Amino acid sequence: MGTPKRDPKAQRPQLGALYAAAAALVGTAAKAGVLPDDRVDLLYHSYSGGGVTINGTSLLARKKIGDHLSLVGNWYTDSVSGASIDVVTQASPYKEKRNQESLGVDLLLGKTTYSVGYINGSEPDFRSRTAYASVSEDMFGDLTTLTFGASRGWDKVGERGAPTFKADADRRNWSVGLTQVLTRNLLTGLNFETTESEGYLQNPYRQVRYSSNDPRGYSYEKEAYPHTRTGNALSGHAKYYLRWRAALDGSYRYYRDTWGIVAHTAELGYTLPAFHHWIFDAHARYYRQNQADFYADLFPYAGSQNFMARDRELAAFKELGLGFGASWEWRPRRHGFLQKGTVNLRYDNLRFKYDDFRDLRVQAPVGSEPLYTLKANVLQFYLSAWF
Amino acid sequence: MPRLRTVLLIAPLLGGLLAGCSPIEPWVKPYEREHLADPIMAFERDPVSGAYFEHVHESREGARGATGTVGGGCGCN
């Protein structure tokens with residue numbers, strides 16, 4: 001059995017998600033028919049849960065040039081440390097820094113906004129590049145906004161301790177979004193997105209366990225994933241303005257992919273301005289998924305299947321998130337360069353309950369270890385300024 | 001009688017098509033969009049926070065995409 005030196009949970013899937021989220025950040029922030037405001041945001045973020053701590057910062061700046069052009073740039077960094085359950089049971093604790101830079105351009109012509117951008121991400125053993133483009137059009141008296149988007153990504157996967165190992169993975173996304181004003185108080189949206197991945201999609205460090213004659217009753221071998229994956233997601237969301245100046249929002253998303261994962265996400269939120277300068281938020285999110293076709297907590301013997309995974313991300317689980325946010329707004333008395341600023345704090349508590357991922361830190365007969373649960377705290381503190 | 005039935009069937013279809021050619025009147029007038037233009041009605045008020053939180057979820061879940069960041073805007077400004 002090899003001895004991986006890295007936390008398998010902190011590898012590829014996180015980065016793929018990071019870049020997808022960044023594409024959303026810089027790629028679709030523009031509304032059709034009007035360019036986004038000039039603003040700067042500086043975020044400090046902290047995730048702590050399951051023995052892992054991830055801290056970092058994100059700086060986002062957006063500036064209009066003339067009446068038709070807007071530039072946006074983002075610099076994101078985080079640092080991972082600690083020992084997750086994967087590290088405790090399979091690997092060695094470690095520290096790692098990750099960086100990402102992105103640049104985007106929005107061009108407004110009439111009622112149409114064209115957006116393009118590029119994202120570059122790097123880690124010691126991973127490199128990712130993503131290019132994206134989208135077009136948004138306001139229609140029907142500006143009550144409807146239709147957006148088409150596409151992105152293409154190229155990943156290079158390496159492995160620490162194996163300098164000759166290099167693998168590629170390609171990503172392609174297509175999306176269509178519709179935002180519709182239904183009444184003077186109700187805004188709704190519908191989104192559909194297809195994601196395609198091809199190449200080396202597994203984690204070079206993560207392993208599956210199988211029953212063996214080892215004194216523990218099991219041994220490890222490397223995961224084996226299919227080389228292609230296609231997923232489709234459809235979501236609907238709505239936001240309603242309440243007569244005492246508050247907003248209620250809800251959303252639902254259905255996801256299905258060729259690895260056999262079916263997932264449901266439901267969210268509910270409430271936003272309430274108060275005391276002249278404050279805005280408070282409360283939100284709840286429920287998520288559940290079934291497991292991938294080739295996932296198992298314990299395989300019967302070595303090489304028992306062509307494809308094998310024991311990744312928590314591909315396991316069946318339920319997740320509940322509860323969060324609160326507070327934002328304090330400040331406006332200068334004299335109207336000058338700075339229009340307004342906000343100081344923001346957001347806290348979220350996440351709870352994961354896995355249906356078939358066992359906690360191997362507990363000594364028990366093989367296959368009857370307790371099911372793993374995870375609690376995490378997510379803190380965001382950020383400053384925003386509008387110019 | 002068959003001719004009358006045909007006319008009765010086709011007329012509404014033709015009417016619908018002709019109505020489709022006329023411009024659609026916005027049923028929420030620009031001066032009625034004050035509530036929609038309120039910052040609390042933005043689907044994503046702070047993109048830097050929204051993108052980070054999307055990352056937190058996607059890195060731990062199998063599902064991804066269609067999170068509502070595409071599109072946006074109500075033409076209220």
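I take two strands as paired if DSSP finds at least two bridges between them. Helices (H or I, at least four residues) and strands (E, at least two) are DSSP runs, numbered from the N terminus.

I note that this is a predicted model, in which local features need pLDDT of at least 70, side-chain atom pairs count only at pLDDT 80 or more, and totals for chains, interfaces and linings use all residues. Residues are numbered from 1 along each chain as its sequence is written, while chains are lettered from A and ligands numbered from 1 in the order in which they are written.

**Entry 1: hairpins of chain A**

I looked up strand β13 (residues 246-257) of chain A and found it antiparallel to strand β14 (residues 262-274) of chain A, with ten bridges joining them. Ala247(A) stands opposite Thr271(A) in β14(A). Four residues lie between the strands of this hairpin, where Gly260(A) has a positive phi near 95°.

I then followed β14(A) to strand β15 (residues 278-289) of chain A; these two also run antiparallel, joined by twelve bridges. Here Ala266(A) is opposite Tyr286(A) in β15(A). The hairpin of β14(A) and β15(A) has three residues between its strands, and Phe275(A) takes a positive phi near 55°.

I also checked strand β2 (residues 52-65) of chain A, which pairs with strand β3 (residues 69-82) of chain A in the antiparallel sense over 14 bridges. Ser58(A) has Tyr76(A) in β3(A) as its bridge partner. Three residues separate β2(A) and β3(A) in their hairpin, and Gly66(A) in the turn shows a positive phi of about 70°.

**Entry 2: Val343(A)**

I located Val343(A) in strand β17 (residues 340-358) of chain A. I call a residue buried if 20 or more other C-beta atoms lie within 10 Å of its own, exposed if 12 or fewer, and partly exposed in between, with C-beta atoms placed from the backbone. Val343(A) counts as partly exposed because it has 14 C-beta neighbours inside 10 Å.

Contact requires that the C-beta atoms of two residues, placed from the backbone, lie within 7 Å. Apart from neighbours within four places in sequence, Val343(A) contacts Trp328(A) and Leu383(A). I found 31 Å between the C-alpha atoms of Val343(A) and Glu123(A), which are 220 residues apart along the chain.

**Entry 3: chain B and the contact**

I recorded two helices and zero strands in chain B. Of its 77 residues, 49% are buried. The contact between the chains takes 73 residues from chain A and 39 residues from chain B. On the side of chain A that touches chain B, helix α1 (residues 12-27) of chain A gives the most, with nine residues.
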